[in-house]
Amino acid sequence: MAETLSLIRPDDWHVHLRDGDALAAVVPHTAAQFARAVVMPNLKPPVTTTAQALAYKQRIQAALPAGSLFQPLMTLYLTDHTPADEIHRAHDSGVVAVKLYPAGATTNSHAGVTAIKHTFKALEAMQALGMLLLVHGEVTSRDIDLFDREAVFIDKHLVPLRRDFPQLNIVFEHITTREAAQYVAQAGAHTAATITAHHLLFNRNALFLGGVRPHYYCLPVLKREIHRQALLQAAASGSNRFFLGTDSAPHATHLKEHASGCAGCYTALSALELYAQAFDSVNALDKLEGFASFHGPDFYGLPRNTERVVLKRQSWTLPESLPLGEASIKPLCGGETLAWQLQSN
Ligand code: DOR
Ligand code: ZN
(Lines give C-alpha, C1' and ligand atoms only; values in the text may rest on other atoms or scores of the structure.)
(Ligands and ions follow the chains in the order given, each with its own letter.)
Protein backbone atom coordinates (compact mmCIF):
# COMPACT_ATOMS: atom_id res chain seq x y z
CA MET A 1 0.00 0.00 0.00
CA ALA A 2 1.49 3.34 -1.06
CA GLU A 3 2.24 5.52 1.95
CA THR A 4 3.44 8.58 0.09
CA LEU A 5 2.53 9.91 -3.27
CA SER A 6 4.73 12.35 -5.18
CA LEU A 7 3.03 14.26 -7.99
CA ILE A 8 3.93 17.06 -10.32
CA ARG A 9 2.07 19.97 -8.71
CA PRO A 10 -1.55 19.86 -9.90
CA ASP A 11 -3.69 22.71 -11.22
CA ASP A 12 -7.38 23.34 -10.57
CA TRP A 13 -9.17 23.76 -13.90
CA HIS A 14 -12.37 25.14 -12.33
CA VAL A 15 -12.63 27.18 -9.13
CA HIS A 16 -14.70 30.01 -7.65
CA LEU A 17 -12.58 32.54 -5.79
CA ARG A 18 -15.25 35.26 -5.34
CA ASP A 19 -14.15 38.80 -4.48
CA GLY A 20 -13.45 41.11 -1.53
CA ASP A 21 -13.28 39.51 1.94
CA ALA A 22 -14.27 36.08 0.63
CA LEU A 23 -11.47 36.18 -1.95
CA ALA A 24 -8.96 37.06 0.74
CA ALA A 25 -10.20 34.16 2.87
CA VAL A 26 -10.21 31.44 0.21
CA VAL A 27 -7.40 32.17 -2.24
CA PRO A 28 -4.63 31.02 0.18
CA HIS A 29 -6.25 27.56 0.26
CA THR A 30 -6.24 27.16 -3.51
CA ALA A 31 -2.74 28.65 -3.77
CA ALA A 32 -1.42 26.16 -1.18
CA GLN A 33 -2.59 23.21 -3.25
CA PHE A 34 -2.32 24.23 -6.87
CA ALA A 35 0.14 25.99 -9.18
CA ARG A 36 -2.62 27.49 -11.33
CA ALA A 37 -6.40 27.64 -11.35
CA VAL A 38 -9.02 28.57 -13.91
CA VAL A 39 -11.08 31.21 -12.11
CA MET A 40 -14.82 31.34 -12.76
CA PRO A 41 -16.29 34.70 -13.80
CA ASN A 42 -19.71 34.50 -12.08
CA LEU A 43 -19.12 37.50 -9.82
CA LYS A 44 -21.72 40.17 -9.13
CA PRO A 45 -21.60 41.79 -11.67
CA PRO A 46 -20.19 39.03 -13.91
CA VAL A 47 -16.79 39.33 -15.58
CA THR A 48 -17.97 39.98 -19.13
CA THR A 49 -15.10 42.13 -20.45
CA THR A 50 -11.35 41.80 -20.75
CA ALA A 51 -10.88 44.93 -18.66
CA GLN A 52 -12.93 43.37 -15.84
CA ALA A 53 -11.00 40.09 -16.11
CA LEU A 54 -7.64 41.87 -15.86
CA ALA A 55 -8.79 43.99 -12.91
CA TYR A 56 -10.08 40.82 -11.18
CA LYS A 57 -6.75 39.09 -11.82
CA GLN A 58 -4.97 41.96 -10.04
CA ARG A 59 -7.31 41.67 -7.05
CA ILE A 60 -6.58 37.93 -6.87
CA GLN A 61 -2.84 38.52 -7.06
CA ALA A 62 -3.06 41.20 -4.37
CA ALA A 63 -4.89 38.72 -2.08
CA LEU A 64 -2.20 36.01 -2.39
CA PRO A 65 0.08 35.20 0.53
CA ALA A 66 3.48 36.92 0.23
CA GLY A 67 5.82 35.02 -2.04
CA SER A 68 3.13 32.80 -3.57
CA LEU A 69 3.83 31.76 -7.17
CA PHE A 70 0.18 30.78 -7.77
CA GLN A 71 -1.14 31.89 -11.17
CA PRO A 72 -4.81 32.67 -11.72
CA LEU A 73 -5.99 31.81 -15.25
CA MET A 74 -8.76 34.17 -16.21
CA THR A 75 -12.08 33.57 -17.98
CA LEU A 76 -14.84 35.69 -19.50
CA TYR A 77 -18.55 35.22 -18.82
CA LEU A 78 -20.34 34.68 -22.13
CA THR A 79 -23.60 36.56 -22.73
CA ASP A 80 -26.02 36.81 -25.64
CA HIS A 81 -24.21 40.04 -26.53
CA THR A 82 -20.49 39.20 -26.25
CA PRO A 83 -18.96 40.70 -29.41
CA ALA A 84 -16.28 38.90 -31.42
CA ASP A 85 -13.84 41.75 -30.82
CA GLU A 86 -14.14 41.24 -27.05
CA ILE A 87 -13.02 37.65 -27.64
CA HIS A 88 -10.01 38.92 -29.60
CA ARG A 89 -9.14 41.40 -26.85
CA ALA A 90 -9.48 38.69 -24.21
CA HIS A 91 -7.28 36.31 -26.16
CA ASP A 92 -4.62 39.00 -26.70
CA SER A 93 -4.63 39.70 -22.95
CA GLY A 94 -4.06 36.10 -21.91
CA VAL A 95 -7.63 35.24 -20.88
CA VAL A 96 -7.64 31.46 -21.37
CA ALA A 97 -11.31 30.59 -21.79
CA VAL A 98 -14.91 31.73 -21.97
CA LYS A 99 -17.62 30.32 -19.70
CA LEU A 100 -21.10 29.50 -20.94
CA TYR A 101 -23.74 29.59 -18.22
CA PRO A 102 -27.23 28.85 -19.51
CA ALA A 103 -29.27 31.76 -18.07
CA GLY A 104 -30.75 30.70 -14.73
CA ALA A 105 -28.77 27.44 -14.41
CA THR A 106 -26.81 28.30 -11.27
CA THR A 107 -25.32 30.97 -8.95
CA ASN A 108 -25.16 34.40 -10.67
CA SER A 109 -26.15 33.04 -14.06
CA HIS A 110 -29.08 35.38 -14.75
CA ALA A 111 -26.92 37.33 -17.26
CA GLY A 112 -25.96 34.07 -18.99
CA VAL A 113 -26.87 32.75 -22.41
CA THR A 114 -30.57 32.44 -23.29
CA ALA A 115 -29.96 30.64 -26.61
CA ILE A 116 -26.62 29.36 -27.91
CA LYS A 117 -27.36 30.72 -31.39
CA HIS A 118 -27.02 34.23 -29.95
CA THR A 119 -23.36 33.51 -29.25
CA PHE A 120 -22.32 32.22 -32.67
CA LYS A 121 -20.16 35.25 -33.56
CA ALA A 122 -18.24 34.88 -30.32
CA LEU A 123 -17.91 31.11 -30.77
CA GLU A 124 -16.64 31.53 -34.33
CA ALA A 125 -13.95 33.90 -33.07
CA MET A 126 -13.02 31.48 -30.28
CA GLN A 127 -12.80 28.54 -32.66
CA ALA A 128 -10.53 30.55 -34.98
CA LEU A 129 -8.28 31.64 -32.09
CA GLY A 130 -8.17 28.25 -30.37
CA MET A 131 -9.77 29.71 -27.24
CA LEU A 132 -11.59 27.26 -24.98
CA LEU A 133 -15.31 27.20 -24.25
CA LEU A 134 -16.19 26.01 -20.73
CA VAL A 135 -19.76 24.79 -20.48
CA HIS A 136 -22.11 24.51 -17.51
CA GLY A 137 -24.09 21.70 -19.10
CA GLU A 138 -27.60 21.80 -17.70
CA VAL A 139 -30.90 22.76 -19.28
CA THR A 140 -32.90 25.20 -17.23
CA SER A 141 -36.52 24.35 -18.10
CA ARG A 142 -38.61 23.82 -15.00
CA ASP A 143 -40.40 20.90 -16.64
CA ILE A 144 -37.18 18.87 -16.83
CA ASP A 145 -36.42 16.94 -13.66
CA LEU A 146 -33.45 18.43 -11.80
CA PHE A 147 -31.60 15.11 -11.92
CA ASP A 148 -32.02 14.85 -15.72
CA ARG A 149 -30.88 18.33 -16.67
CA GLU A 150 -27.33 17.36 -17.60
CA ALA A 151 -28.29 14.36 -19.73
CA VAL A 152 -30.93 16.41 -21.58
CA PHE A 153 -28.40 19.20 -22.17
CA ILE A 154 -26.12 16.79 -24.03
CA ASP A 155 -28.77 15.83 -26.58
CA LYS A 156 -30.42 19.22 -26.89
CA HIS A 157 -27.39 21.53 -26.87
CA LEU A 158 -23.99 19.87 -26.72
CA VAL A 159 -24.41 17.54 -29.69
CA PRO A 160 -25.59 20.40 -31.97
CA LEU A 161 -22.86 22.74 -30.65
CA ARG A 162 -20.20 20.08 -31.33
CA ARG A 163 -21.57 19.66 -34.86
CA ASP A 164 -21.69 23.43 -35.57
CA PHE A 165 -18.18 24.12 -34.19
CA PRO A 166 -16.15 20.96 -34.81
CA GLN A 167 -12.77 22.57 -34.03
CA LEU A 168 -13.84 24.49 -30.92
CA ASN A 169 -12.14 23.17 -27.77
CA ILE A 170 -14.93 22.50 -25.29
CA VAL A 171 -14.66 21.55 -21.63
CA PHE A 172 -17.85 20.03 -20.28
CA GLU A 173 -17.50 21.29 -16.72
CA HIS A 174 -18.09 19.32 -13.50
CA ILE A 175 -19.78 16.34 -15.16
CA THR A 176 -22.05 14.33 -12.90
CA THR A 177 -23.59 11.53 -14.97
CA ARG A 178 -22.74 8.32 -16.79
CA GLU A 179 -24.23 9.92 -19.92
CA ALA A 180 -21.75 12.81 -19.73
CA ALA A 181 -18.76 10.53 -19.12
CA GLN A 182 -19.77 8.35 -22.07
CA TYR A 183 -20.39 11.36 -24.28
CA VAL A 184 -16.98 12.88 -23.57
CA ALA A 185 -15.15 9.59 -24.00
CA GLN A 186 -16.36 9.30 -27.60
CA ALA A 187 -16.62 12.97 -28.63
CA GLY A 188 -13.17 13.35 -30.17
CA ALA A 189 -10.01 15.27 -29.36
CA HIS A 190 -11.67 18.70 -28.99
CA THR A 191 -13.89 17.71 -26.05
CA ALA A 192 -12.85 17.16 -22.44
CA ALA A 193 -14.45 17.26 -19.00
CA THR A 194 -13.60 18.29 -15.48
CA ILE A 195 -14.74 16.18 -12.53
CA THR A 196 -15.02 17.40 -8.93
CA ALA A 197 -13.81 15.48 -5.90
CA HIS A 198 -17.29 15.58 -4.34
CA HIS A 199 -18.94 13.97 -7.36
CA LEU A 200 -16.32 11.19 -7.16
CA LEU A 201 -16.88 10.66 -3.44
CA PHE A 202 -20.61 11.11 -2.87
CA ASN A 203 -23.92 10.16 -4.40
CA ARG A 204 -27.24 11.93 -3.83
CA ASN A 205 -27.93 10.04 -0.62
CA ALA A 206 -25.33 12.33 0.99
CA LEU A 207 -27.82 15.18 0.70
CA PHE A 208 -30.36 13.49 2.93
CA LEU A 209 -28.43 11.29 5.40
CA GLY A 210 -30.12 11.87 8.75
CA GLY A 211 -31.77 15.08 7.50
CA VAL A 212 -31.19 17.68 4.80
CA ARG A 213 -27.47 18.38 4.57
CA PRO A 214 -27.06 21.66 2.71
CA HIS A 215 -23.27 21.51 2.56
CA TYR A 216 -23.62 18.65 0.06
CA TYR A 217 -25.83 20.73 -2.23
CA CYS A 218 -24.16 21.91 -5.41
CA LEU A 219 -25.10 22.26 -9.06
CA PRO A 220 -25.20 20.06 -11.00
CA VAL A 221 -26.61 18.20 -8.02
CA LEU A 222 -25.11 14.88 -6.81
CA LYS A 223 -26.58 11.93 -8.71
CA ARG A 224 -27.25 8.21 -8.16
CA GLU A 225 -24.50 5.73 -7.30
CA ILE A 226 -24.31 4.36 -10.87
CA HIS A 227 -23.28 7.84 -12.00
CA ARG A 228 -20.66 8.22 -9.29
CA GLN A 229 -19.23 4.86 -10.35
CA ALA A 230 -19.11 5.96 -13.99
CA LEU A 231 -17.29 9.17 -13.03
CA LEU A 232 -14.75 7.26 -10.94
CA GLN A 233 -14.17 4.91 -13.84
CA ALA A 234 -13.66 7.82 -16.25
CA ALA A 235 -11.32 9.69 -13.91
CA ALA A 236 -9.29 6.57 -13.17
CA SER A 237 -9.29 5.34 -16.78
CA GLY A 238 -6.12 7.26 -17.63
CA SER A 239 -7.94 8.97 -20.52
CA ASN A 240 -6.47 12.41 -21.12
CA ARG A 241 -9.96 13.82 -21.73
CA PHE A 242 -10.81 13.90 -18.02
CA PHE A 243 -9.10 16.21 -15.57
CA LEU A 244 -9.29 17.89 -12.19
CA GLY A 245 -11.65 20.81 -11.57
CA THR A 246 -12.73 21.21 -7.96
CA ASP A 247 -15.66 23.58 -8.52
CA SER A 248 -14.86 24.68 -4.99
CA ALA A 249 -17.60 27.26 -4.46
CA PRO A 250 -17.54 29.14 -1.16
CA HIS A 251 -20.79 30.35 0.39
CA ALA A 252 -21.10 31.66 3.94
CA THR A 253 -22.51 29.10 6.39
CA HIS A 254 -25.66 31.14 7.07
CA LEU A 255 -26.46 31.21 3.34
CA LYS A 256 -26.00 27.43 3.00
CA GLU A 257 -27.96 26.62 6.17
CA HIS A 258 -30.94 28.59 4.94
CA ALA A 259 -34.50 28.00 3.74
CA SER A 260 -33.19 28.19 0.16
CA GLY A 261 -29.55 27.32 0.65
CA CYS A 262 -26.95 28.33 -1.96
CA ALA A 263 -25.44 25.73 -4.29
CA GLY A 264 -21.75 24.99 -3.89
CA CYS A 265 -19.34 22.78 -1.94
CA TYR A 266 -16.22 24.28 -0.43
CA THR A 267 -13.36 21.86 -1.06
CA ALA A 268 -10.35 24.10 -1.75
CA LEU A 269 -8.79 23.51 1.67
CA SER A 270 -8.42 19.76 1.15
CA ALA A 271 -8.93 19.27 -2.57
CA LEU A 272 -5.98 16.97 -3.29
CA GLU A 273 -6.67 14.94 -0.17
CA LEU A 274 -10.26 14.36 -1.29
CA TYR A 275 -9.19 13.37 -4.81
CA ALA A 276 -6.55 11.01 -3.36
CA GLN A 277 -9.27 9.40 -1.23
CA ALA A 278 -11.45 8.91 -4.31
CA PHE A 279 -8.67 7.40 -6.45
CA ASP A 280 -7.49 5.25 -3.52
CA SER A 281 -11.01 3.83 -3.18
CA VAL A 282 -10.67 2.20 -6.60
CA ASN A 283 -6.94 1.35 -6.25
CA ALA A 284 -6.05 3.90 -8.89
CA LEU A 285 -3.61 6.20 -7.10
CA ASP A 286 -1.24 5.62 -10.03
CA LYS A 287 -3.75 7.45 -12.27
CA LEU A 288 -4.07 10.53 -10.06
CA GLU A 289 -1.07 12.40 -11.47
CA GLY A 290 -2.29 12.26 -15.06
CA PHE A 291 -5.76 13.44 -14.02
CA ALA A 292 -4.53 16.14 -11.65
CA SER A 293 -1.34 17.39 -13.27
CA PHE A 294 -1.04 16.48 -16.97
CA HIS A 295 -4.36 16.20 -18.82
CA GLY A 296 -5.50 19.74 -17.97
CA PRO A 297 -2.45 21.66 -19.19
CA ASP A 298 -2.22 19.40 -22.25
CA PHE A 299 -5.83 20.18 -23.24
CA TYR A 300 -5.39 23.90 -22.55
CA GLY A 301 -2.13 23.96 -24.54
CA LEU A 302 -0.19 25.21 -21.50
CA PRO A 303 3.10 23.87 -20.15
CA ARG A 304 2.97 21.21 -17.47
CA ASN A 305 4.29 22.23 -14.05
CA THR A 306 7.71 20.96 -13.03
CA GLU A 307 7.72 21.34 -9.23
CA ARG A 308 6.44 18.38 -7.16
CA VAL A 309 4.13 17.95 -4.18
CA VAL A 310 3.88 15.06 -1.74
CA LEU A 311 0.76 13.50 -0.24
CA LYS A 312 1.18 11.26 2.81
CA ARG A 313 -1.18 8.60 4.09
CA GLN A 314 -1.70 10.16 7.51
CA SER A 315 -5.02 10.91 9.20
CA TRP A 316 -5.95 14.46 10.06
CA THR A 317 -9.16 16.23 10.90
CA LEU A 318 -10.53 18.97 8.69
CA PRO A 319 -11.59 22.08 10.61
CA GLU A 320 -15.36 22.35 10.99
CA SER A 321 -15.51 26.01 10.23
CA LEU A 322 -13.28 28.80 8.97
CA PRO A 323 -13.62 32.59 8.88
CA LEU A 324 -15.01 34.13 5.69
CA GLY A 325 -14.67 37.86 6.25
CA GLU A 326 -17.23 38.66 8.96
CA ALA A 327 -19.07 35.40 8.29
CA SER A 328 -17.89 31.78 8.43
CA ILE A 329 -17.65 28.90 5.99
CA LYS A 330 -17.94 25.16 6.48
CA PRO A 331 -15.63 23.09 4.32
CA LEU A 332 -17.16 19.94 2.86
CA CYS A 333 -16.39 17.08 5.28
CA GLY A 334 -15.49 19.63 7.99
CA GLY A 335 -14.84 17.89 11.33
CA GLU A 336 -14.20 14.56 9.57
CA THR A 337 -10.97 12.61 9.37
CA LEU A 338 -9.23 12.36 6.00
CA ALA A 339 -6.77 9.59 5.16
CA TRP A 340 -4.30 11.60 3.07
CA GLN A 341 -2.55 14.87 3.81
CA LEU A 342 -0.70 17.23 1.53
CA GLN A 343 2.73 18.01 2.95
CA SER A 344 3.57 21.67 3.13
CA ASN A 345 6.75 22.74 1.38
O1 DOR B 1 -22.71 24.47 -7.00
C2 DOR B 1 -22.35 25.38 -7.71
N3 DOR B 1 -21.88 26.55 -7.22
N4 DOR B 1 -22.45 25.23 -9.05
C5 DOR B 1 -22.21 26.24 -9.89
O6 DOR B 1 -22.35 26.04 -11.08
C7 DOR B 1 -21.85 27.59 -9.39
C8 DOR B 1 -21.27 27.52 -8.05
C9 DOR B 1 -21.21 28.87 -7.36
O10 DOR B 1 -20.77 29.84 -7.98
O11 DOR B 1 -21.56 28.94 -6.19
ZN1 ZN C 1 -18.42 26.18 -10.91
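**Zinc site and ligand 1**

Reader: Which protein donors hold the zinc ion (ligand 2), and how far do they lie from it?
Author: This is a predicted model, where local features need pLDDT of at least 70 and side-chain atom pairs count only at pLDDT 80 or more. Residues are numbered from 1 along each chain as its sequence is written. Donors are N, O and S atoms within 2.8 Å of the metal (3.2 Å for Na, K and Ca), and water is not among the atoms. For the zinc ion they are His14 (NE2), His16 (NE2) and Asp247 (OD), lying 2.0 to 2.1 Å from it.

Reader: What spacing do the donors of the zinc ion follow along the chain?
Author: Two histidines and an aspartate supply the donor atoms. Their spacing is H-x1-H-x230-D.

Reader: Is His14 buried or exposed?
Author: Buried means under 20% relative accessible area, exposed over 50%, partly exposed in between (1.4 Å probe, protein chains only). His16 has 7%, so it is buried. His14 is at 0%, so His14 counts as buried.

Reader: How many residues surround ligand 1?
Author: A residue counts if one of its heavy atoms lies within 4 Å. Among the closest are Arg18, Leu219 and His251. The total is 13 residues.

Reader: What distance separates an oxygen atom of ligand 1 from an N or O atom in the side chain of Asn42?
Author: A polar contact here is a pair of N or O atoms within 3.5 Å. For the side chain of His136 the distance is 3.3 Å. For Thr107 it is 3.1 Å. For Asn42 it is 2.8 Å.

Reader: How much of the area that ligand 1 exposes when taken alone does the protein bury?
Author: Accessible areas come from the Shrake-Rupley method with a 1.4 Å probe. Alone, ligand 1 exposes 290 Å². The protein buries 100% of that.

Note on methods: Chains lettered and ligands numbered in written order. Heavy atoms only, no water. Polar contact = N/O pair within 3.5 Å; in protein donor to acceptor, adjacent residues only side chain to side chain.
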